[in-house]
Each structure stands twice: as structure tokens, then as C-alpha cells.
Amino acid sequence: MMPDYAILQEAAEWFAVLRGEDAGQAERQAWARWHASSPAHQAAWRRVEAVSAEFRVLPGEPARMALDDAGPRAREAQRRRLVKGLLTLCLATGLGGAGLLRRDTRAWIAGVRAGQQTRVGEIRRTALPDGSQLWLNTASALDIDYTASLRRIALHGGEILLDSARDDHLPARPLVVDTVHGRLRALGTRFTVRPDGDATLLAVYEGRVEAAPRDGGATRIVPAGLRLRLSADGAGQPFALDPNAAAWTEHRLVPDQMRLDDFLAQLSRYRRGHLGCAPEVAHLRLVGSYPLADTDRILAALEATLPVKVRRLHDWWVTVEPLAQNK
């Protein structure tokens, strides 16, 4: 069971105090008394330790970057605020923030091992050896391996759009995209591929794609206008795709009656840190075209057109909330 929020806040405060350069014996003894006084305090402290473990493994963690230019006293005070704010928010959402750190860490590891990658917010187009066109979306990592018998793209993370070309090699070689969940074979086509948690998302805009689960099972041919979720043990039923979903190749997000929480989930992929949505405004709908070159301008546009306020705890922790809440 999740510890009481007030107790979690206390635990976060103690974490910040004990990590301070001026923490002494008196502070440690006071913490020990607090910790021993209640099983609820002990449970909250275990939760804090779990979050802090995730926080330590993130490459280039935000706290360190934010403190680089501060003096000793300002650095210590700011570091306490950063740690307390991050932990409090993570704990209030049931380790949601820690999950964010795990996701960012996995993306970083994928990038280290990949032959090609894009940074967060970067979108890049490249030509493949056979004349096919490949777009890499934000925070993507992949390897390209063309042999005498196969044209293969191994997508480790992120998202790609592939516009396949006819192979002049004799005999013609299959063109495939491999993810952790299975293999997607192009059949004269234009399609996007995005590994997402326990499945890979496929959307076919032209031609057809053959989807084969990694662990066997029936393959499925997906025609243009449809998408599906491919898991390691099976391919789901195809369903209609959003024709605007690939607008990222033109550096835009184009919502058409999209819920605000869904829109922010998409936007969060193009900026570092946490971008959240308060439940009270999640249902608001968006229509329009939003250039991805500056995500802060998009957030400002939301404030100008919707009854919302962008609350920034730090540059890397942003929440869109009801306007009235911040008046």
C-alpha cells in the first residue's frame, strides 16, 4: 500500500537533509528517532530509497546539471529543493517519476550501442543504400545492416518512418525492421514503427507490411490505413490509423480533437524531463498544427487558447493544470 502522502513528504524532506553537506550527528539522530517511531515512517523511507536509487542511475541527472553554476551555499540550498521536489512528486504518483528515469536510462543505453541515433527533440531524415528513405524521430536508436540476402534495420528504441524503395540487387532482398517484439517486412510501403512498452506500434500509410511475432504464432498482413500492436507472442487486430500521426516527419504535431493528456504525452517525447497533465483538464480537446522546434512555445500556446496554466517546479518538471488553481 502506498504510504500516506504527508509521511512521504516528511521522508523526502529527511532525504534532502541527510544528503546535505552540513548534515551532522544531530540531524542523523533526529532522523533515526523519526524513522523508528512508526512502521509508516519506515515504509515511506523505503519508498524514498527506491526513488533515490533510480535517481542516481540516470546519466547526466537534472539535479547535477541545474547546480553546475551555483556557489557552495546556493548549490546546497538548491540541491535540497531539487531533490525534495522530485522525490515528493515521484512519490505522490506512485513512483511514476522513477519509471520516467528508468525509461530515460534505457533510451540512453540503447543509444550507446546503436550505430545511428537522435537526441531528444531531434528529427532526422537519411537515405538508405537501396534508395529507401528513413526518418528517425526523437530519441531513436537503430542499426542498419544490409547483406547479400537481407536489408535489415534493428530498431532499439524511439520511432522511425520508412519509405521503402525497390531493391536493384539480384535476387531482390527482403526489407525488414526488427524490434524486441518481432519482425516487420515491407511489401512496397510507407510505414512507422515504434516500440512502446510491451508491444511495437505499427502504422501503415502506403502498401502493406507483414508483422511476425518474435516468439512464433501467426503473421499478419497489415494494409494501408491501418495500425496494430505487435507483442512478442502475437499480433493484435488492426484498427484505423490517425492520418496526422506521421506529421512529426515535418516537425509538427497535428492534433484533431485530441485529448490534452494524450497530446502532452506525445509532446513529452520531444523534451527532457517530466511533462504532466492534471486530471481536471485532461479531457480538453485540441485541434491545430504545432511546430516542434520549440516545445516551450507550444506550452505557451496552450495557455493562450485553453483554460490552463503551465506550472514549472523546475525546467525539467512541468505540469499543465487548471487556470483557476493558480490564480
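Mentor: Strands here are DSSP runs of E, at least two residues, and helices are runs of H or I, at least four residues, both numbered from the N terminus. Two strands pair if DSSP finds at least two bridges between them. This is a predicted model, where local features need pLDDT of at least 70, side-chain atom pairs count only at pLDDT 80 or more, and totals for chains, interfaces and linings use all residues. Residues are numbered from 1 along each chain as its sequence is written, and side-chain values use heavy atoms, leaving out hydrogens and water.

Trainee: OK, how do β2 and β3 pair?

Mentor: Antiparallel, over 4 bridges, with β2 at residues 124–127 and β3 at 133–136. Ala-127 has Gln-133 in β3 as its bridge partner.

Trainee: And which residue in that hairpin takes a positive phi?

Mentor: Gly-131, near 95°; the hairpin has 5 residues between the strands.

Trainee: Switching to α8: which residues are buried?

Mentor: Thr-295, Ile-298, Leu-299 and Leu-302, in a helix running 295–305. Buried means under 20% relative accessible area, exposed over 50%, partly exposed in between (1.4 Å probe, protein chains only).

Trainee: Why are they on the same side?

Mentor: Because they cover an arc of only 100° around the axis, taking directions from the helix axis to the C-beta atoms. On the other side, Arg-297 and Ala-304 are exposed.

Trainee: What covers the buried residues of α8?

Mentor: The cover includes α7, β16, β17, β18, β19 and β20, with contact meaning heavy atoms within 4.5 Å.
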